[in-house]
Amino acid sequence: MKQVVTALLLFAGMCLLAFPGTVLGQGPAEIDLKERFQVEGKKKAVIFPHRKHQGALSCASCHQDPQGGGALVVEFVKLTGTGNDFHKKFCWPCHVEMKVPRGKSCSTCH
Ligand code: HEC
Ligand code: HEC
Ligand code: HEC
């Protein structure tokens with residue numbers, strides 16, 4: 001039994017090294033960021049349209065790894081209030097830069 005488990009783990013590891021994109025996939029189509037980052041507050045949860053962003057941008061726009069997945073380019077430390085790091089360091093700057101219509105309107109995201 002132990003050998004089977006070891007062999008399976010080895011195989012999974014090799015797949016990961018060879019085809020990270022295939023094994024990890026593209027990630028979820030949508031992500032509830034309030035739940036994911038355990039944000040507390042009264043605003044309606046942001047359901048992030050991940051797939052839509054993948055269609056418009058390269059993975060490296062947001063992920064440290066150019067293949068996507070894993071750590072993001074921003075670490076979220078301040079999670080409360082309108083001065084939170086999602087607004088100030090991640091979502092808003094890019095929406096402004098790329099001129100996303102209503103990119104800073106509360107109802108676009110919340
Ligand atoms: C581009 C997307 C985006 C827009 C536009 C946006 N927010 Fe947010 N906001 C987020 C994300 C992401 C979080 C963190 C995750 C969550 O709370 O679901 C957040 C969190 C918050 C929080 C802290 C959490 C809480 O529930 O108290 C407040 C307050 C907030 N937003 C208010 C606003 C207000 C007011 C506006 C309009 C001026 C606005 N947001 C516009 C994405 C956005
Ligand atoms: C506009 C920003 C953005 C882009 C572009 C983007 N992602 Fe993501 N991605 C996120 C956010 C935000 C999360 C949720 C945060 C988390 O889970 O750490 C996430 C989560 C993921 C996850 C699940 C979490 C994990 O670490 O396994 C995978 C897999 C993933 N992304 C893959 C990709 C791939 C592949 C691409 C390019 C095809 C891509 N992403 C492009 C923002 C983005
Ligand atoms: C690196 C750039 C970038 C970042 C970071 C980014 N966005 Fe966007 N976002 C875009 C672009 C570009 C579009 C327009 C995509 C399109 O219309 O195809 C968009 C569109 C959207 C839309 C509208 C989708 C629709 O159905 O029209 C929402 C909602 C949104 N973003 C939420 C967020 C939230 C929440 C965050 C932060 C967690 C975020 N975005 C971070 C570039 C970004």
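Which residues are the closest to ligand 3? Ligand 3 is surrounded by 19 residues, and the closest are Ala 56, Ser 61, Cys 91, Cys 94 and Val 100. The elements giving two or more residues to that shell are α4, α5 (85-97) and α6 (106-109). The top contributor is α5, with five residues.

Before I go on, a word on the model. It is a predicted one, where local features need pLDDT of at least 70 and side-chain atom pairs count only at pLDDT 80 or more, while totals for chains, interfaces and linings use all residues. Residues are numbered from 1 along each chain as its sequence is written, and chains are lettered from A and ligands numbered from 1 in the order in which they are written.

A residue is near a molecule, and so in its shell, if its C-beta atom, placed from the backbone, lies within 6 Å of it. Helices (H or I, at least four residues) and strands (E, at least two) are DSSP runs, numbered from the N terminus.

Now, what does the chain look like overall? The protein chain has six helices and two strands, and along the sequence they come in the pattern α-α-β-α-β-α-α-α. Of its 110 residues, 4% are buried, where buried means 20 or more other C-beta atoms within 10 Å of a residue's own, exposed means 12 or fewer, and partly exposed is in between, with C-beta atoms placed from the backbone. If we take contacts between residues at least 6 apart in sequence, 23% join residues at least 24 apart; a contact here means C-beta atoms, placed from the backbone, within 7 Å.

Back to the ligands, this time by residue class. Ala, Val, Leu, Ile, Met, Phe, Trp, Tyr, Cys and Pro count as nonpolar, Asp, Glu, Lys and Arg as charged, and the others, Gly among them, as polar. Around ligand 3 that gives 14 nonpolar, four polar and one charged.

Ligand 2 has 18 residues around it, with Gly 27, Cys 59, Cys 62, Gly 68 and Gly 69 coming nearest. Helix α4 (residues 50-56) provides the largest share, three residues. By class, we have seven nonpolar, ten polar and one charged.

Ligand 1 has 23 residues around it, and Lys 34, Gly 41, Lys 43, Cys 106 and Cys 109 are the closest. Here α3 (33-36), α5 and α6 each supply at least two residues, and α5 gives the most, with five. The classes are nine nonpolar, ten polar and four charged.

Thr 80, in the loop between α4 and α5, sits 39 residues away from Gly 41 in sequence, yet their C-alpha atoms are 7.0 Å apart. Setting aside neighbours within four places in sequence, Thr 80 is in contact with Glu 40 and Gly 41. Thr 80 counts as exposed because it has 10 other C-beta atoms within 10 Å.

Last stop: the loop between α5 and α6, which holds Lys 99 and Arg 102. Most residues other than glycine have a negative phi. Lys 99, though, has a positive phi of about 55°, and Arg 102 has a positive phi of about 50°. Are these two residues buried or exposed? Lys 99 is exposed, with 7 other C-beta atoms within 10 Å, and Arg 102 is exposed with 10 such neighbours.

Note on methods. Two residues are in contact if their C-beta atoms, placed from the backbone, lie within 7 Å.
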